[in-house]
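Please walk me through this model in the viewer. Tell me what to select at each stop and what is there.

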Amino acid sequence: MSDVPLKNPGWAGNTGEFDLTEEEVRGEDFIGERPLHGGHSSVSATMPYMLIEKNPEAELFEGEYQERLKKILTRYPKKRAALLPVLSMVQELRGHVSPESMDRVAELLDLSPAYVRGVATFYTMYNKRPVGRHLVQVCTNISCNLCGADEVLAAFLECTSTELGETSEDGDFTVIEAECLAACGFPTCVQINSRYFENVTPADIPKIVEHLRAQVKKGD
Amino acid sequence: MAYPYVSDVEVRVISKYFGDPAHRRIDTYVERGGYKALEKALTLEPDGVTDEIKASGLRGRGGAGFPTGIKWSFMPKEPTRPHYLLCNADESEPGTFKDRELMRWDPHQLIEGCLIGAYAIRAQHVYIYCRGEFFEVNQILARAVEDAYMKGYAGEDILGTGTTIDITIHQGAGAYICGEETGLMSSLEGDRGEPRVKPPFPAAVGVFGMPSTINNVETLAAVPHIVLNGGEWYRQWGTEKSPGTKLFCVSGHVRKPGNYELPLGFPLIDLIENVCGGIRDGNQLKAVIPGGSSVPLINAEDARKCELDYEGCVEVGTMLGCASVIVMDHKADIVKQIRRMVDFYAHESCGQCTPCREGSAWTARILRRIEEGQGTEEDLDTLMGMTEQMVGTTICVLSDSVAAPVQSSINKFRGDYLELIRRGEQAGVA
Amino acid sequence: MAELVTLTIDGQEVSVPRGTTILEAAKKIGKQVPHYCYHPGMSSPAMCRLCLVEVEGAPKSMPSCVTTVMEDQIVHTESKQAVGNREGVLEFYLVNHPLDCPICDMSGECDLQDYVHAEGRAHGRSEEPKRVFGRDDFGGDVLFYGDRCVMCTRCVRFMNEVEQDQRLTVVERGNRSVIDTFFEEGLEGTHWHGNIVDICPVGALVSKEFLYKARAWDLEHTPSICPSCSQGCNIELHTRDNLIQRMKPRENLEVNGWWMCDYGRHNHEWMNRGIQLEDPLVRTLDGATGPVKWRDALDQLLQHVGVIGEGRVKAVATPFASNEDLGALAELVGALGGGDMVYRSVRSEEEIVLKGFPTLARRKDLAPNTSGAELIGFTRVGDDEATGGLEDIATHDGIVIIMGDELSDQAEDFGREAGLFVYLGDRQSPAASNAHFVFPLTTFAEQEGSFTNIARRVQRFSPALEPPGMARPGWLILGALAAELNNGDAPRTAAEAFSGLASQIEAFAGLTYQDIGIRGAVLNETFVLSEC
């Protein structure tokens, strides 16, 4: 389910001053282990995964997802407050939030569809149209930019043969610019689906892209 | 061991276990004295906890620097309605990367701080509003919260004291403005993250219409240490008005970027030259933004005079903000970087207030034109004039944050702008 | 009585109840603080930032729409700081505004035009290309011109808070934010959405029906009362070339607030009736009818009465007629020896309540003066379609008087047996072919008068259109006839006709046009509308 670990030559903290592995820095044993039903209700409103293979037709709020939904609803005094986590669940399964999904969520939470649209479009993480299997978000804000983020972005576009904001022909990649990802000490930071890649330089990108392609082939 | 770089001058209170993966586990945390502060707090009256925080002089680490104890004391003493503690973990100010580290290396420290804070303000529910992009952090935090529930530190009848405090992690969905306290409340309620007019202040009418207090991650992370060791203990570091230690997020053109926990009042130039190993590639220091992208940038000369506390930064015409030090060397393209920041604000403006909605996008367009060699000197006057209209005229301060870098860069680095303008004019003539 | 707070606004002292906003307090002394997002009928998000004023001692300018007054506060709405802020905000509004005033329906009554004209910069500094959203059909009667929008969100809040059918939202954020519906859903099926066009301070939301129909400055505004149900919404009739171009609600907190329903708003084509019935017609002995002068018509009618003598009268009136017309008819019936007076009116199955202003509804009763008719002594007959119930009148052999009821359900032999059949109306009716006298009346839009609404509130309306040909108000014709029969004085004005009514009908006793004023007056007596 989760991203396959990658020996990223540019992972955060590779400074030579201490000897942590990448897994230790990322907290490997905490990541990718969340149950689909959301675990304890206190943390059910977190979104554990971005799936590589999205199914825009996936059934919503069924089985374990329904269980998660029920837990989420117990955590807020007003039903509407569950809107963000519920939209996140939709995206987790379907990869984007379509008008039809908005309508469904509106019905579920007793909201008007227009209201749900207004909220969904306010937040940049909700994809309003389908994206590639790997959504590559390159931070080009100031700290990363000072350290060459524009070159990293250009390299990603070249390596994946895509235009900025467009999805590659094979459906594997959508590359976009991101605002500050709060990893300014590890420039350039790139978020690919749910995972951060830090200290990324243009030289790392062919390896990263190759690795991501391999994930797709495995059908992971 | 610190992370990712180490410095001997650091005073590691809240960042002590950065770089130690074992510390994420509740058993290790408890073994090392974790949740002792919570135990102690629960033996005190809520106001006793608040008094200790007041005594420490701890100031909000999210940027505004408002004294935390005083903020807590605004909450009603006799709750007739539910109270809420909101932990602002929507870290997204460009240049800031401390909360993510605090949460992923030491999640229980934050949870303990949240529980103590909730107890002090008589809240039975804490929402940790965690930035949406932090999938991995969310998962670490989620495990930690589950463990805290399992071990009886959170939930009903905490440690057999009869106190009930729930914690809920709420994941954001990509909006910088949700880091503004009232924007966060709107977002938590399932609405567009639009800031609200104050008054009413959150302590009177907060999330779900109930009295609420909002604290930054770093603020709450310091709370267990203060409760355990006393307010006076915390004052051994820092200055009279800005006591304690603070995480400085250093990024940009330094040799060793990273988070460094230092006493407030630490000289900026010392941080850059010594702690961070100086400017990379042997280049010269040109400009520093000492508090995250929302504060005015200063030139090298002012940087040499700047002491990193709330007052010291004001003295050189800037602000400490959230102590996110962005360093630029002499090769940095100031105009491009300012334009990039303004693009960010234009992208993140919620769009409610006219000066911000229209002004930020307009500013970005002018800057881009200048950057592309199509600018004129009048553009600089326009920029100064119109950004003046964006200061103090809106519901929140995002608009002011556009004006700060634009005005300070034109004041301090006018030459950089003029050079681009001249170059463009010459190219046009040729 | 709330505690009063005294403050100074622009050097002028004013006392207002605690809790009043600075903007409302300023209004009290005649100072209009410019604003877009604030509307007295909805919540204030304080986001347009135009109403910022200088408050001495405050660190920055305060939004006057949400800042409540404080004792001894000193406020400046015209200071350099306040005016400078407005100049700045207005410039921001124009950065992306298309300035397409020549083709904008709002031109001439637009708050952006007015404010910029008054306080804007002489020259805008923006040279950048403008953002373009284009035009969008919101469904119903509404078109949206996104580029003109000032993002005040009044329309969103109206649908959310007042109609409480959240069809509109702000989509996207920042500079890309725009008002929209849920994709293709639109406003179709909502009942009050016309109001969002009214409250839009600029030309972003316009009425399809009114699009390119008239320039605002060519319209004459006449205060009136909506005739489309018994609520009696206060309205203005906007006319040009002696035609109603549109109807707009007129503020009256006791009746309709700032609002009116779409049904009433768009039900005005019938008022522009053209020339249908413009001369008094009298049937001669050979059965043909022909136009005559009023004086002759009335004389002949009186002669006819003299010939057949007094007898049982049966009168049918429309509740679209004014109190004055109905009163004059009642008086005439009395003068002729009395008889039955009935009315018919259309009742819809449901009331359409405006949820956020629940004293306002499109009432079941789709006539404006049913209460008046009942009070004056008319009894309801027929069904909810305003048909039937006239069986005994159709074959009555005494005097039959029809006022305004078009008898559209009646057979052509209606009134053939009548000894005297008088038809008064604003248009021809096949069932009136047997009438001995056909008199052209003015519509409410062509005369002065009053209606009594469902809450027994008497409200006046003014003539907005020139009457066609010889058409005259019912009270003038009927009043003259009654005066002749009673040897009394005929009313010369609507006010006199109303006085006549007040002297005859207990419910109206003591009330004068002056008392009613422009806001209306509620009748005292308890009174129950018959439900037949």
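The tour below goes from whole chain to domains, then to helices and chain contacts. Keep in mind throughout that this is a predicted model.

**Stop 1: chain C as a whole**

Select chain C. Its C-alpha atoms fill a box of roughly 90 × 50 × 40 Å along the principal axes. Switch to cartoon: there are 13 helices and 26 strands in chain C. Colour by burial next. Of its 532 residues, 51% count as buried. Now consider contacts within chain C between residues at least 6 apart in sequence. Of these, 63% join residues at least 24 apart.

**Stop 2: the domains of chain C**

Colour chain C by domain. Domain 1 covers 4–78, domain 2 covers 98–109 + 121–218, and domain 3 covers 281–522.

**Stop 3: helix α8 of chain C**

Select residues 323–335 of chain C, which form helix α8. How far apart are the end C-alpha atoms of this helix? They are 18 Å apart, which agrees with the 18 Å that 13 residues should span at 1.5 Å a residue. Is α8(C) enclosed or open? Twelve of its 13 residues are buried, so the helix is largely enclosed by the rest of the structure. Show side chains for the buried set, which includes L326(C), L329(C), L332(C) and V333(C). N323(C), E324(C), D325(C) and E331(C) are buried too. Step just past the helix to G337(C), where phi is positive, at about 105 degrees.

**Stop 4: the domains of chain B**

Move to chain B. Colour domain 1 (21–234), domain 2 (245–329) and domain 3 (334–429). The C-alpha centres of domains 1 and 3 of chain B are separated by 36 Å. These two domains of chain B touch: ten residues of domain 1 are in contact with eight of domain 3. The domain 1 side of that contact holds six nonpolar, two polar and two charged residues.

**Stop 5: a helix pair in chain B**

Select residues 36–43 (α2) and residues 107–120 (α6) of chain B. Two packed helices are described by the angle between their axes and the distance between the axes. Here the axes come within 9 Å and cross at roughly 10 degrees. Angles under 35 degrees count as roughly parallel. Therefore α2(B) and α6(B) are roughly parallel to each other. Show the contact residues. From α2(B) come A37(B), L38(B), A41(B) and L42(B). They meet E112(B), L115(B), I116(B) and Y119(B) of α6(B). By class, this contact has seven nonpolar, no polar and one charged residues.

**Stop 6: chain A against chain B**

Show chains A and B together. Their contact takes 56 residues from chain A and 65 from chain B. On chain A, the elements that each supply at least two residues include α1 (22–26), α6 (142–146) and β4 (195–197). Which element of chain A gives the largest share? α3(A) does, with five residues. The chain A side has 30 nonpolar, 17 polar and nine charged residues.

**Stop 7: chain A against chain C**

Finish with chains A and C. Nine residues of chain A are in contact with twelve of chain C. Select residues 113–122 of chain A: this is helix α5, which gives the most to the chain A side, with seven residues. By class, that side has five nonpolar, three polar and one charged residues.

Key: Residues are numbered from 1 along each chain as its sequence is written. Chains are lettered from A and ligands numbered from 1 in the order in which they are written. This is a predicted model: local features need pLDDT of at least 70, side-chain atom pairs count only at pLDDT 80 or more; totals for chains, interfaces and linings use all residues. Helices (H or I, at least four residues) and strands (E, at least two) are DSSP runs, numbered from the N terminus. The expected span of a helix is 1.5 Å times one less than its number of residues. A residue is buried if 20 or more other C-beta atoms lie within 10 Å of its own, exposed if 12 or fewer, and partly exposed in between; C-beta atoms are placed from the backbone. Domain bounds come from an automatic or database domain assignment. Two residues are in contact if their C-beta atoms, placed from the backbone, lie within 7 Å. Ala, Val, Leu, Ile, Met, Phe, Trp, Tyr, Cys and Pro count as nonpolar, Asp, Glu, Lys and Arg as charged, and the others, Gly among them, as polar. Axes are lines fitted to C-alpha atoms, for helices over the stretch in contact, and angles run from 0 to 180 degrees between N-to-C directions. Angles under 35 degrees count as roughly parallel, over 145 as roughly antiparallel, 65 to 115 as roughly perpendicular and the rest as oblique.
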